[in-house]
Structures are given as structure tokens and as C-alpha cells.
Amino acid sequence: MFKFLKGVVAGSGAGIKDLPYNIGEPYSSAWGSWTHYRGTSKDDGSLVSIFSLSGSNAQDGHLAAGRNGVKRLRTVRHPNILSFLHSTETETFDGSITKVTIYIVTEPVMPLSEKIKELGLEGTQRDEYYAWGLHQIAKAVSFLNNDCKLQYEWLIGSQYKPMELSKSDWALIRKSPPWAIDSWGLGCLIYELFSGMRLAKTEDLRNTASISKSLLPDYQRLLSSTPARRLNASKLIDNSEYFQNKLVETIQFMEILNLKDSVEKDTFFRKLPNLAEQLPRQIVLKKLLPLLASALEFGSAAAPALTALLKMGSWLSTEEFNVKVLPTIVKLFASNDRAIRVGLLQHIEQFGESLSTQVVDEQVYPHVATGFSDTSAFLRELTLKSMLLLAPKLSQRTISGSLLKYLSKLQVDEEPAIRTNTTILLGNIAGYLNDGTRKRVLINAFTVRALRDTFSPARGAGIMALCATSSYYDTTEIATRILPNVVVLTIDPDGEVRSKAFQAIDQFLQIVKQDHEKINTGDASGTSSIGIPSIPGNASLLGWAMSSLTLKGKASEQAPLASANTSTPLASATSSTSLVVDTPDTVVLHANLGSDLTDQAAPSSPTSTDGWGELDNGINEDHDSDKDGWDDVEPLEEQKPPPALATIQAAQKRPVSQPKPQVTGVRTKNVVKATKVEDDDLWGSIAAPAPQTSSKPLNLKQAAMHDDDDPWAAIAAPPPTTKAKPLSAGRGRGTKAAVPKLGAQRINRTSSTGL
């Protein structure tokens with residue numbers, strides 16, 4: 001007995017032993033004899049509602065009804081009935097008085113009167129909110145009456161009792177339908193809802209001035225004086241005109257989404273973003289948003305639902321968005337539905353900043369990276385542009401071992417716009433590469449690849465990328481690797497490329513001059529790497545050059561090249577999904593792909609060009625590979641030379657006969673030995689034209705040479721127009737062999753002495 005009393009005393013009050021919840025402050029309004037408290041879980045701090053009912057005698061009628069209510073609530077499950085979590089009953093002693101208290105713990109709720117004041121709804125939104133709430137309660141009452149065969153279970157108070165119950169006319173009650181008493185109670189609730197006050201006496205129900213006109217006929221049938229004529233709650237749900245509004249219909253559609261066909265779903269979700277703005281905001285966020293997130297996560301919602309989810313998510317605070325929306329988005333990246341993946345990439349700027357570094361590197365990027373090799377050019381482009389937000393959150397291992405390998409392939413993609421934007425992306429993420437990777441990748445990617453691309457905007461992007469990353473190059477690299485490649489573009493067929501080339505030359509020459517001045521003044525601190533602010537029209541961040549791909553994912557249909565302004569940001573011209581970097585001092589290049597471009601067409605199969613060395617072939621290899629740069633880069637396919645230059649080259653390919661030299665002593669100043677150049681011809685059709693004047697004959701090395709390996713073949717002198725004459729005896733030095741001439745000619749092998 002002592003142990004029992006000790007346990008009871010210890011379990012009394014807010015620290016009840018058997019209740020794993022903390023009891024907080026009570027609400028001002030009560031539910032009949034029950035007291036409604038705010039509460040929290042002792043385990044995780046989640047919110048709950050706690051109801052308590054007290055009596056001085058264990059056999060009290062109120063306590064008996066309370067125990068019955070606990071029993072019913074524990075066994076009945078329905079979406080519109082409070083979810084039961086826990087219950088307990090305690091006894092406390094105050095002298096000779098025993099106090100028995102029943103506790104019921106449910107999901108968190110608050111009194112309707114306080115919720116209405118909190119929302120402050122007016123007009124149409126208030127009516128729609130009332131309609132949805134009454135619709136949910138009517139569904140719960142219908143479930144209890146028609147499915148569970150229960151009655152008079154939910155309203156407490158003598159003022160809510162119909163006449164037959166107040167008079168205890170049990171014979172009439174037994175003859176009445178099972179819903180008669182609860183339909184009366186539903187009518188009482190409608191009165192309190194619209195009047196905004198508690199029902200004091202039954203006669204007040206005749207005051208219908210505040211009742212909605214569309215609900216008034218149903219209200220009167222619910223309160224019929226004849227029990228058999230009272231309206232069944234299920235009939236109220238199905239037939240009442242009052243429930244035919246946007247909010248009720250929208251939530252009903254979401255609740256039976258699995259029963260709808262694909263056309264209905266697509267139509268509904270395309271209208272939902274605009275519709276959500278017209279609905280009560282609290283209902284949208286607390287009811288519609290969870291339904292939508294769940295439908296997307298489990299695959300029952302169509303891809304357009306993602307737009308509505310992100311729009312609703314934008315109305316949440318950052319903390320709420322990270323809890324209610326972001327987990328669903330992260331899971332959607334693993335979806336096999338291409339439309340879902342496209343939607344995520346199109347709207348990534350709305351949630352990309354909320355993604356943590358770990359989530360991006362481990363959960364998001366592995367799924368996004370599959371888009372780099374997708375057969376849809378539009379999806380490849382969106383994947384590329386998403387890296388502007390995701391790349392800064394990737395680890396160095398992922399960047400070097402995976403991302404750069406994909407970008408290597410995209411720089412020789414069959415779509416010119418993708419090749420161009422790949423160069424721009426590299427310029428933007430250069431700051432996130434380590435020093436060793438920058439040394440191996442940037443110059444090769446921008447010069448060997450971009451500056452020699454057959455698409456003029458790609459060449460322009462390469463120049464701008466070099467300028468934007470100028471601080472990463474030392475003067476040796478500028479003088480030997482960058483300037484020689486940029487100077488060639490000063491005679492590019494495209495005027496915009498030429499303008500950018502001159503600007504770049506000025507910028508890099510300024511860097512070299514600064515280095516020269518520092519050396520002369522004895523300041524060697526900045527001689528290894530000097531960077532200066534970009535000239536007007538260039539900046540550290542570049543915007544997208546273009547997007548010529550349609551939303552259908554088809555290959556680009558090329559259009560004429562538009563004029564560009566070199567003093568405005570580099571931005572997308574046609575795609576609504578382009579991630580334009582809005583910086584005030586970036587370069588703009590508005591361009592559409594076209595069949596009538598002034599420059600040469602893109603190669604039919606550029607992917608056969610092996611670009612950044614072993615990066616291209618190592619997509620699926622171990623990330624520990626040390627080949628993460630643009631090593632062993634080969635040029636793109638050479639362009640066809642102009643007709644005039646082709647004629648000269650054809651003439652030079654004819655064999656040249658040489659006399660056998662008779663004397664080894666020859667003036668060195670008249671002999672030029674042609675050596676085989678190890679590298680291929682990297683200049684293509686932009687080499688200098690052949691000179692108009694003939695040069696002095698050169699003494700060629702007797703070893704055979706292959707014309708294709710001669711980088712100077714394109715600018716060699718044309719063959720002489722006159723035939724060579726043999727040296728006569730007595731003229732010149734008799735021991736000197738005839739100097740061979742270039743070009744097709746006949747050589748007299750008779751010596752000057754006549755032997």
C-alpha cells in the first residue's frame with residue numbers, strides 16, 4: 001500500500017510518472033468538461049495536445065464517459081479523427097479527498113475559435129476555409145454514423161442535445177436513423193462557426209442571418225424537428241452546393257490522385273501554381289504542400305507538380321523549407337523520369353543554395369552527372385548549367401575525378417552551344433580547382449580546344465575565359481602559350497572574335513609589361529604570376545553564351561548570328577532556363593545557331609577528337625587517376641584551306657629533283673636546312689596567305705620529307721616562272737654546285753666543265 005501511494009504521489013501533477021509527455025499551458029477554451037493543454041514529447045520535443053478530465057469519484061458518470069471515449073479513440077482510425085497517441089489515468093489524494101484524472105494525448109490541435117482569429121481570413125478565402133473544415137468534419141461524422149454505427153459521440157453539452165434526447169424519449173430515439181442525433185450536433189457547429197459565438201440555448205439556432213445562403217437549406221434540414229427527416233452527413237457531402245469551391249475540389253483531387261489518369265493529372269498540376277495563390281495560405285502550406293510532396297516522392301504526381309511544390313516552398317521560411325521540401329527534392333534527383341530531372345535542373349536556382357556540401361557531393365551530383373552523357377542535347381545543356389551552382393559544393397576528388405572528365409567530352413559535343421557553354425563554365429569554376437589542375441587544364445582547354453573551334457561564339461568564349469582567368473597564368477605561359485594563340489584570331493573571319501582578340505592581347509601585354517617593369521626596378525616578388533583586373537567587358541564570372549536547344553530536347557536549329565555588344569554581360573539568347581550571371585562588368589554574347597553562319601560549320605563528329613588526354617576515356621575509371629587535366633590535347637579537325645592556298649599547296653607537293661652536290665664547301669649563309677616539325681599543323685585555315693614575291697632558292701636537305709608534317713608549307717614561296725639554267729664554264733666558281741630551286745622544274749645535270 002505504501003509503494004502504491006508513493007507511486008501515485010510521485011506521478012501527480014505535470015510530472016506524471018506514466019505520461020511520457022510534458023504538460024504545458026492550457027487553452028482558454030475547453031471542450032465540455034475536458035481541459036485542453038499544449039504539450040511536448042519528452043523524447044524528441046514534438047508538439048502534442050493533452051486533454052484531461054477529472055472527477056472526485058472513480059464511479060463518476062463523466063469519468064465513465066471519458067473512459068469510453070478513450071476506448072473508442074484508441075480503436076478508431078480515420079484521417080479526419082484525431083490521432084490517438086497515449087492515455088493514462090491517475091489518482092491523487094488531498095487529505096480525505098480522492099481525485100481521479102484521465103489524460104488523453106493526441107496529435108497537436110488548437111481550438112477552432114482561436115485558429116479562426118489567428119488566420120484572420122475574410123471574404124472568399126474565409127468561406128472556402130469554412131467549407132473545407134465543415135467538409136472534413138462531415139466526413140468524420142459520416143464515418144462514425146454510417147460505417148462504425150456509432151452516434152452522439154462528439155459534441156458535449158446540454159445545449160447541443162436535440163429535443164428527443166433532452167426529453168429522454170428513448171422510444172423515438174430507437175426509431176430514428178443512426179445519424180439523427182449527430183446531424184443535429186453538426187447543425188449546432190455550423191451555427192457557432194458562422195455566428196462566431198458559443199451556442200447558449202436551442203432557440204438561438206433560429207437566427208440564420210450569418211449562415212451562408214448556399215448552405216442554409218442544408219442547415220435547416222440538419223436541424224429538422226423530426227429526427228427521421230434530418231439530413232445524413234454523407235448526403236450533405238455529396239449534394240451540398242456550399243462545398244463546390246476551389247479549395248475543397250483541389251484537396252479532394254489530391255486525396256484521390258491515384259485514381260486519376262495522366263491527362264487529368266497533367267492538366268491539374270499545370271493549373272496548380274496559379275490556383276495555389278488564390279487559396280488560403282495556411283491551408284496550402286499545412287495541407288496541400290504535404291500531399292503534393294508525398295505524391296511526388298512516391299511517383300503518383302506528374303512532373304509539372306514540381307513547379308507547384310517549389311512555388312509553395314517559396315512561401316516557407318528557410319528552416320521550414322529545409323525540413324518540409326528539401327528532403328523530397330533530394331530524393332527526386334534519383335528519379336528515372338526524364339521530365340522530373342529536367343524540371344529539377346530548370347529550377348535549381350530556387351533551391352540550390354539550400355543544399356549542403358555533403359548532400360550535393362554524395363546524393364545529388366551522382367544522379368545529376370548522368371545527364372552529361374544523356375542522348376537528349378537539352379538535358380546535357382541543363383546539366384552543364386547546373387554545375388554553376390553545384391560545382392562550388394563538390395569536393396576536389398569529385399571535381400578532378402569526375403566533373404572535369406565529363407566537361408572534356410562536352411567541349412567536343414556535337415552541339416556548338418554546349419561546346420561554347422562548357423568553355424564558359426570552366427572559366428567560372430576555375431577558382432574552385434586546385435593549382436595543379438588549373439595548370440594542366442585551363443590553357444589547353446581554352447587555346448587548343450576553344451580558340452580553334454569551328455563555331456565563332458565558341459572561339460569568342462575561349463578568349464573571354466582566358467581574360468577572366470588571367471590571374472592564374474604566369475608571364476611565361478602568357479608569352480609562349482596564350483599570346484601566340486590569341487594573336488592568330490586577330491584575322492578571324494568573325495568580327496566579334498577579332499575585337500575580343502585585340503582586347504585580350506592588350507590585357508595580356510599589360511600583364512607582361514608590368515612584369516617587365518618590376519624586373520627592371522628590382523622587384524621580383526610578382527614575376528612568377530601576375531594578374532590584373534580584367535579590361536572592360538571581361539570579369540571573373542562569365543554568363544552563358546547561348547542556349548539554342550528547345551524544351552523538347554531536339555538538336556539545335558541554327559539561326560543567323562546576332563550582333564553582340566562587348567560591354568554587356570554574356571547571357572543566354574533563347575533559352576528560358578539559362579543561368580545568366582548578373583554581374584555588371586561581364587561580357588555579353590547574344591548568339592543563335594544558324595545554317596548561314598559566316599564561319600565554317602561544326603565538324604560532323606567532333607567527339608572523335610581526343611581532347612584532354614586520358615580524361616576523355618576515364619569516365620568510369622577509378623577517381624584516383626592522376627590524369628585530371630587536358631594532357632596530350634589534340635587539335636580539332638583542320639579546316640579546308642582557301643582555293644588560292646590549296647593551289648599553292650598542290651604545286652608544292654610535286655616532287656623536286658636535286659643535283660648531287662660535288663663540293664662540300666658551301667657558304668652556310670646560303671643554305672637553310674629544313675627540319676621536321678614534331679607537332680601537327682595547328683593553325684588550319686587561319687594561316688597567313690602565300691607571299692606574292694618569290695624568295696631565294698633554298699638548299700633542301702636530301703632526306704625525304706612528308707608535306708603534311710611541314711607547318712610552313714602553307715606559306716612557302718610559289719614555284720619560279722622561268723626555267724633554271726646550268727652554270728657555264730668560267731662563270732662563278734667552277735667547283736660550286738648549282739643551287740636547287742623549289743617548285744616543279746627540269747635540272748640540267750651537265751656540269752659547268754662539260755664533263
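Is Phe-269 buried or exposed? I looked this up before anything else, taking buried as under 20% relative accessible area, exposed as over 50% and partly exposed as in between, with a 1.4 Å probe and protein chains only. Phe-269 is buried, since its relative accessible area is 0%.

**Ground rules.** I note that this is a predicted model, in which local features need pLDDT of at least 70 and side-chain atom pairs count only at pLDDT 80 or more, while totals for chains, interfaces and linings use all residues. Residues are numbered from 1 along each chain as its sequence is written, and side-chain values use heavy atoms, with hydrogens and water left out.

**Overall make-up.** I took helices (H or I, at least four residues) and strands (E, at least two) as DSSP runs numbered from the N terminus, and on that basis the protein has 26 helices and five strands. Of its 755 residues, 45% count as buried. With contact meaning heavy atoms within 4.5 Å, I find that residues 24 or more positions apart account for 69% of the contacts with a separation of 6 or more.

**Nonpolar cores.** In soluble globular proteins, nonpolar side chains tend to be buried together. I defined a nonpolar core as a set of buried Ala, Val, Leu, Ile, Met, Phe, Trp, Tyr and Cys residues joined through side-chain atoms within 4.5 Å. The largest such core holds 125 residues, and the members that touch the most others are Phe-351, Leu-407 and Phe-508. I then followed Phe-508 and, setting aside neighbours within four places in sequence, found it in contact with Leu-466, Cys-467, Ser-470, Tyr-473, Ile-478, Ile-482 and Leu-483.

**Aromatic rings.** I counted rings of Phe, Tyr and Trp (its six-membered ring) as a pair if their centres lie within 6.5 Å, calling planes under 30 degrees apart stacked, over 60 edge-to-face and the rest tilted. This rule gives eight aromatic pairs. Phe-268 and Phe-269 are edge-to-face, because their ring centres are 5.2 Å apart and their planes stand at 70°. Phe-268 also counts as buried, at 13% relative accessibility. Elsewhere I noted one aromatic cluster formed by Tyr-129, Tyr-130, Phe-194, Tyr-242 and Phe-243.

**Charges over rings.** My test here was NZ of Lys or CZ of Arg within 6 Å of the ring centre and within 35 degrees of the ring normal. Arg-38 lies over the face of Tyr-27, at 4.0 Å from the ring centre, and Arg-281 lies over the face of Trp-315, at 3.7 Å from the ring centre.

**Helix 4.** I looked up Ser-142, which has its place in helix 4 (residues 123–147). Ser-142 is buried, with a relative accessible area of 11%, and, residues up to four places away in sequence not being counted, it touches Asp-147, Ala-233, Ser-234 and Ile-237.

**Salt bridges.** I required a side-chain nitrogen of Lys or Arg within 4 Å of a carboxyl oxygen of Asp or Glu, and the count comes to 21 salt bridges. One of them joins Lys-139 and Glu-255, whose closest N and O atoms are 3.5 Å apart; this pair links distant parts of the chain, with Lys-139 in helix 4 and Glu-255 in helix 10 (residues 246–255), 116 residues apart. Lys-139 is partly exposed, at a relative accessible area of 25%, and Glu-255 is partly exposed as well, at 32%.

Next I looked at Arg-341 and Asp-374, which form a salt bridge with the closest N and O atoms 3.8 Å apart. Arg-341 sits in helix 16 (residues 338–346) and Asp-374 in the loop between helix 18 (357–368) and helix 19 (377–390), 33 residues apart. Both Arg-341 and Asp-374 are buried.

Asp-435 and Arg-438 meet in a salt bridge at 2.3 Å, N to O. Because they are three residues apart in helix 22 (residues 435–449), about one helical turn separates them. Asp-435 is exposed, with a relative accessible area of 55%, whereas Arg-438 is buried, at 13%. I also noted that salt bridges with shared partners join Lys-139, Glu-255 and Lys-287 into one network.

**Record check.** In the model, residues 325–363 are 69% helix and 0% strand, with end C-alpha atoms 16 Å apart. Residues 482–518 are 81% helix and 0% strand, with end C-alpha atoms 21 Å apart.
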